[in-house]
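Me: I would like a close look at one part of this model, followed by its surroundings. Please keep the account plain.

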Amino acid sequence: MGLGLLASKAIRPTTRLINFQNPNNLFLRTIVSKPELRNPEPAAAQPEQPLVDLSPRTPVGGARVHFPNPDDAIEVFVDGFPVKIPKGFSVLQACEVAGVDIPRFCYHSRLSIAGNCRMCLVEVEKSPKPVASCAMPALPGMKIKTDTPVAKKAREGVMEFLLMNHPLDCPICDQGGECDLQDQSMAFGSDRGRFTEMKRSVVDKNLGPLVKTVMTRCIQCTRCVRFASEVAGVQDLGMLGRGSGEEIGTYVEKLMTSELSGNVIDICPVGALTSKPFAFKARNWELKNTETIDVTDAVGSNIRIDSRGPEVMRIVPRLNEDINEEWISDKTRFCYDGLKRQRLNDPMIRGPDGRFKPVNWREALSVVAEVAHQVKPEEIVGISGKLSDAESMIVLKDFLNRLGSNNVWGEGIGVNTNADLRSGYIMNTSIAGLEKADAFLLVGTQPRVEAAMVNARIRKTVTVNQAKVGYIGPATDFNYDNQHLGTGPQTLIDIAEGRHPFSKIISNAKHPVIIVGGGIFERKDQDAIFAAVETIAKQGNVVRSDWNGLNVLLLHAAQAAALDLGLVPQSENSLESAKFVYLMGADDTNLDKIPKDAFVVYQGHHGDKSVYRANVILPAAAFSEKEGIYENTEGCTQQTWPAVPTVGDSRDDWKIIRALSEVAEVRLPYDTIGGVRARLRTVAPNLVQIDEREPAALPSSLRPTFTQKMDPTPFGVAVENFYMTDAITRASKIMAQCSAMLLKK
Amino acid sequence: MAQAIRNAKVPPNSVNLEEARQRVFGFFRIACRSLPTVMEVYNLYDVATISQLRSTIASEIRRNDHITNPKVIDMLLFKGLEELKNVVNHSKQRHHIVGQYVIGRRGLEQQELASKEQGISNFLKDFYNSNYS
Amino acid sequence: MAWRGNLSKNIKELRFLLCQSSPASSSARAFIEKNYKELKTLNPKLPILIRECSGVEPQLWLRYDLGVEKGIKLEGMTEPQISKLLESMVKAAAAFKA
């Protein structure tokens, strides 16, 4: 009907008399005409060629197109716009390069192609039916049309089918607001449905304490199945049944124990797989996003913290091609509820009866300064923790140096550690560079629990390049094929001397990689082990000008920065003879070594282990509340941003030490974080280049060889419980549930 | 007396500085006349004397003695009269009066001088105050 | 070269900041490649930190007791000049202590 009737009413002569005289006039319909209809031109007007906007287009999402052979580029036409693409691209990828985003459910750029959702159908000239663009390879000269009525009708049809059996759960579904189905049905679906029968429902599966499943909402796109088998390496999930009775499940009652299992939550386009701890907590539009860095392990995965007010609601990964692609480990994803428990919020001093009494900052700092002046400089010891940022570590080192003490070191760094040459303690092949390797030798490291993202990268390389992996250490399970070569340093010596068959594999490989675990730093004979590894590297030509395959996989987020700043213990027994111990977040040191009459100051954010021995507690900020520089295991410097305000009366770490230095009359020369960073630039300038990775040019073979006896004890396990490694994860309830249910016994 | 205070209004239309000055004196007179009522209402007999409170009011007025714009003086008088009305009508409580007028500004300065010795830097002052200076 | 063994007496930490590839730091790089092993063997407990970062000017920093630090720019110096400089700093530190 439209406005024609209204228009005709307006045109009619408006006198009430007409209506009065003849009521039938109300139903008279005047004729409305339009200019095009009046022109008596032949009706067969040519469908004009729609004007094509030939200005350069940016690919979808700001992606960069990589041409492996530039002479092999093909040209196709997307909606009349010519694009150049590399040879193996699919039609969907060609449209992405042209800036046209095609709707899809089952296709994911990092997983294999399934082609079962049919939402990506586009029309291709000279093809009898629309083609699934995700699966069809783009041929030269193809004319692809994405906005024709055929394509639009196909999308509406697919949408209608998908919504037929989909439950009306939007108000109670956690994915509402960020649901692919919602967004695509608004953009591409039709406005009404025609389904009047009963919808089917599916029984829910129990996948563990992390992933909540409502299988009725599943649209059977199989993204989770492909992720689990390809990226995570576990064959847990599969599709059972056929037709409308298809169900995704584990067939046997099995929990998803993989450390990457939380990523299926991001991957699932609908609300079938959601985060169990985050269930019903918040909607995504009320959350504030802060882009920061994760500190639970040394990888430094890029995350986005979603917070509502003063509370962190969830942690979601950010894209970073070089470090963590689009995935994060379960520990990173679910440790946030540890940030709300066991927090220190007031400075406290232990009274003579052994109980803590909350005091204000003035008193606490004056007490600490007083004691610091009463002890001799050699008896002062400082230990920085696993989660400390670079600014606080340099301020601690400066402060203790000014008091005359030389004993400052980072947790986990043993006595003989050589922090001189950077190539001796970072991952020289960057994490992204691991993809080129074709032989791996893992010495005393279990990457699956130490750095889950590095393990995912190694798995990717093993699958694509058929790389060989040799592992020396205690028996653990891997999610890729490997050879267990031995358990102790004896195997290393065998390989170094060429007696072991694996040494041939290393010499024949074009890009061999040796990864030494960070647990080696705790051993007394670390120099001997590194010397053996250097010999293997020399024989296998692992370190060359264009490829440096000698890597160290560090264990904590603060270790790389601590080694960069030179926080190495200078003498063996400084802790046993200390009278004043400053623990900055150090929860994993051996507290028995501290003498009973030593005065211990603990500065940290959680009441973990070291708090019980402390005499004074100074509350500090956690990683989600401060702006701090962290360096990951490959040497890439990144920065955290504060997502939530600090808890109670706590302050930033470096501010506490700067205030303490002023009260103790050894005032440090900087007042602002810019000043601290300027000081950082004079110590380790790579720590100020945020988001940059500085490769270490001078090889670690420059190190002098000390003839040290190699200790024959086999390599130990650095991380016993993947879910509980530092103060935040130990305080987290979700991590406790995971370690109770998901660890392999 | 309280009736007079309630009825008093400051018309915002002083023509020149001289008229504004006269209004200030009028305000001061009104305030001093209301002081006995204030002492009675808030029971300040042990804490302060009328002459102490009178000099506090005078010092508050003198704090603004550098202002020359009659309109601004009118506005300040308006605020002052509003404050006076609140005090007389018992809208405030004893601790407000004691803190604002008996101890007053001088007391705060003395406290600061005493405890922190004034030898500390701005950084430390802000640090003790809060994390986000 | 007896002064090389006396480094760790008064100096607590030695730091070389240089660029990986720029020509200004080439003499510093050469100095380290030739002398690091010897210096470290004679002073095993002294931290000699070598920090490379692109675009940074070559510098030498010495840390003495009580947090006092001295930084010297090495731009334009040749390798024997750097060696001489280090020697003079060591001797100056020893003289100061004495």
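Which residues of helix 2 of chain B meet which residues of helix 3 of chain B?

Reply: The model is predicted, and what follows is computed from it. From helix 2 of chain B, the residues that take part are Val24(B), Phe27(B), Phe28(B), Ala31(B), Cys32(B), Leu35(B), Pro36(B) and Met39(B). They meet Ile50(B), Leu53(B), Arg54(B), Ile57(B), Ala58(B) and Ile61(B) of helix 3 of chain B. Sorted by class, this contact has 13 nonpolar residues, no polar ones and 1 charged. Helix 2 of chain B covers residues 17-42 and helix 3 of chain B covers residues 50-63; their axes come within 10 Å and cross at roughly 150°. With angles over 145 degrees counted as roughly antiparallel, the two helices of chain B are therefore roughly antiparallel to each other. The crossing of helix 2 of chain B with helix 3 of chain B is right-handed.

Next, the contacts of chain B with the other chains. Chain B is in contact with chain A, through 12 residues of chain B and 19 residues of chain A. About 1,300 Å² is buried between chain A and chain B, and carbon and sulfur atoms carry 56% of it. On the chain A side, the residues that lose the most area to chain B are Arg362(A), Arg651(A) and Lys655(A), which together make up 45% of what that side buries.

The interface of chain A with chain C comes next. Of the 2 pairs of chains in contact, chains A and C share the most contacts. Here 37 residues of chain A are in contact with 28 residues of chain C. The area buried between chain C and chain A is about 2,700 Å², with 51% of it from carbon and sulfur atoms. Tyr36(C), Arg51(C) and Glu52(C) supply 23% of the area that chain C buries against chain A, more than any other three residues. Between chain C and chain A the count is 4 salt bridges. A salt bridge joins Glu13(C) to Lys397(A), with the closest N and O atoms 2.8 Å apart.

Helix 11 (residues 390-402) of chain A and helix 18 (residues 653-663) of chain A pack at an angle of about 20°, their axes being 8 Å apart. That angle makes helix 11 of chain A roughly parallel to helix 18 of chain A. The crossing of these two helices of chain A is left-handed. Helix 11 of chain A contributes Glu391(A), Ser392(A), Val395(A), Leu396(A) and Phe399(A) to the contact, while helix 18 of chain A contributes Asp653(A), Trp654(A), Ile657(A), Arg658(A), Leu660(A) and Ser661(A). By class, this contact of helix 11 with helix 18 of chain A has 6 nonpolar, 2 polar and 3 charged residues.

The other pair is helix 14 (residues 489-496) of chain A with helix 16 (residues 526-539) of chain A, which pack at about 30° with axes 9 Å apart. Helix 14 of chain A is thus roughly parallel to helix 16 of chain A, and passes helix 16 of chain A in a left-handed crossing. The contact is made by Leu492(A), Ile495(A) and Ala496(A) on helix 14 of chain A, and by Ile529(A), Ala532(A), Val533(A), Thr535(A), Ile536(A) and Gln539(A) on helix 16 of chain A. These residues divide into 7 nonpolar, 2 polar and no charged.

Finally, the salt bridges. Side chains of opposite charge can pair when their charged atoms come close. Over all chains the count comes to 58 salt bridges. One pair in chain A is Glu259(A) with Arg448(A), whose closest N and O atoms are 2.9 Å apart. Glu259(A) lies in the loop between strand 8 (247-249) and helix 8 (263-267) of chain A, and Arg448(A) lies in helix 12 (residues 447-450) of chain A, so this pair ties together parts that are 189 residues apart in sequence.

Note on methods: Residues numbered from 1 in each chain as written. Chains lettered and ligands numbered in written order. Predicted model: local features only at pLDDT ≥ 70, side-chain atom pairs only at ≥ 80, totals over all residues. Heavy atoms only, no water. Axes fitted to C-alpha atoms, helices over the stretch in contact; angles between N-to-C directions. Helix = DSSP H or I, 4+ residues; strand = E, 2+ residues; numbered from the N terminus. Parallel < 35°, antiparallel > 145°, perpendicular 65-115°, else oblique. Left-handed = near helix turned anticlockwise from the far one by under 90°. Contact = heavy atoms within 4.5 Å. Nonpolar A, V, L, I, M, F, W, Y, C, P; charged D, E, K, R; others polar. Buried area = accessible area lost by both parts, 1.4 Å probe. Salt bridge = Lys/Arg side-chain N within 4 Å of Asp/Glu carboxyl O.
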